[in-house]
Amino acid sequence: TPAGYENFSASALGDIKVMGRYRWTLDEASRSGMGVKFGLKLNTGRKDFQMVDDAGAAHVPGEVTLQPGNGSTDLIAGAFWHQATPGSNWNWFAQGTLQSSVRSSDTFRPGNQFNLDGGTRYAFSQNLSGLLQLNAQWNSTDSGTSAVLTHTGAASSGGRSYSLTPGVSYAFTPGTQLYALLQLPLYQYVNGEQLTASHYVTVGVSRRF
């Protein structure tokens, strides 16, 4: 074990997002529509996992973002648009979402996050579809005395990324879909010293009421 090595493990329910959306039809022939999204990121994740240093001493790490929860409640708002190509299996969509903290601790406030996504869906069959998206994400820096800084005092949070995301979805019923996405970063820039990933995998189920 190298000198200064620290071991940290945190496995627990994180911060839960509760989302809703409202959609209205623009044109029946092209099945085009638009709508708004709204919701909250709730302060449900644990924030007290401890780190064990090389001397065997345990302490809560100073990096708030290592914990399953960051202690903030965030407002999420966005808008979306979609349209089908008449006589074709292609569908197109775009959406933008902003997440901003409305309640946080005195020592840490996460930076705002803005996402812009656009892409297409192709129906191979009545149930199976292929997806392709372009994703852009901008994150502002965290603030507060617990926000991570470099040795020079510069922020080690915030940045921007642009990604290509292929995927598939399968509709078990007209309102229930299983989907899987593979996000491949095309460009990543982060402030200071941060961990980044070579790819992200998302698997989920959506239900429309």
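## A buried lysine and its partner

K41 is buried, with a relative accessible area of 4% (buried means under 20%, exposed over 50% and partly exposed in between, using a 1.4 Å probe and protein chains only). This is a predicted model, in which local features need pLDDT of at least 70 and side-chain atom pairs count only at pLDDT 80 or more, while totals for chains, interfaces and linings use all residues. Residues are numbered from 1 along each chain as its sequence is written, and side-chain values use heavy atoms, leaving out hydrogens and water.

What does K41 form a salt bridge with? The partner is D15, and the closest N and O atoms of the pair are 2.8 Å apart. A salt bridge here is a side-chain nitrogen of Lys or Arg within 4 Å of a carboxyl oxygen of Asp or Glu. K41 lies in strand β3 (residues 32-41) and D15 in the loop between β1 (7-8) and β2 (17-27), so this contact ties together parts that are 26 residues apart in sequence. Strands are DSSP runs of E with at least two residues, numbered from the N terminus.

## The other salt bridge

By this rule, the count comes to two salt bridges. D48 also forms one, with R46, and here the closest N and O atoms are 3.0 Å apart. D48 is partly exposed at 45% relative accessible area, and R46 is partly exposed at 42%.

## How β3 is paired

Back to the strand that holds K41. β3 runs antiparallel to β2, and 10 bridges join them; two strands count as paired if DSSP finds at least two bridges between them. Within this pairing, R21 has K37 of β3 as its bridge partner. β2 and β3 form a hairpin with four residues between them, and R31 in the turn has a positive phi of about 50°.

β3 also pairs with strand β6 (residues 73-84), in the antiparallel sense and over nine bridges.

## A nonpolar patch on the surface

Now for the surface. A nonpolar patch there has about 1,000 Å² of accessible area together, and its residues include F124, L128, Y170, F172, L178 and V203. Patch residues have over 30% relative accessible area and no salt bridge, with nonpolar side chains (Val, Leu, Ile, Met, Phe, Trp, Tyr) joined within 5 Å; areas come from the Shrake-Rupley method with a 1.4 Å probe.

Which strands each supply at least two residues of the patch? They are β10 (159-173), β11 (176-190) and β12 (200-207). L178 sits in β11 and is partly exposed, with a relative accessible area of 34%.

Definitions and conventions: Patches are made of residues with over 30% relative accessible area and no salt bridge: like charges are joined within 9 Å, nonpolar side chains (Val, Leu, Ile, Met, Phe, Trp, Tyr) within 5 Å.
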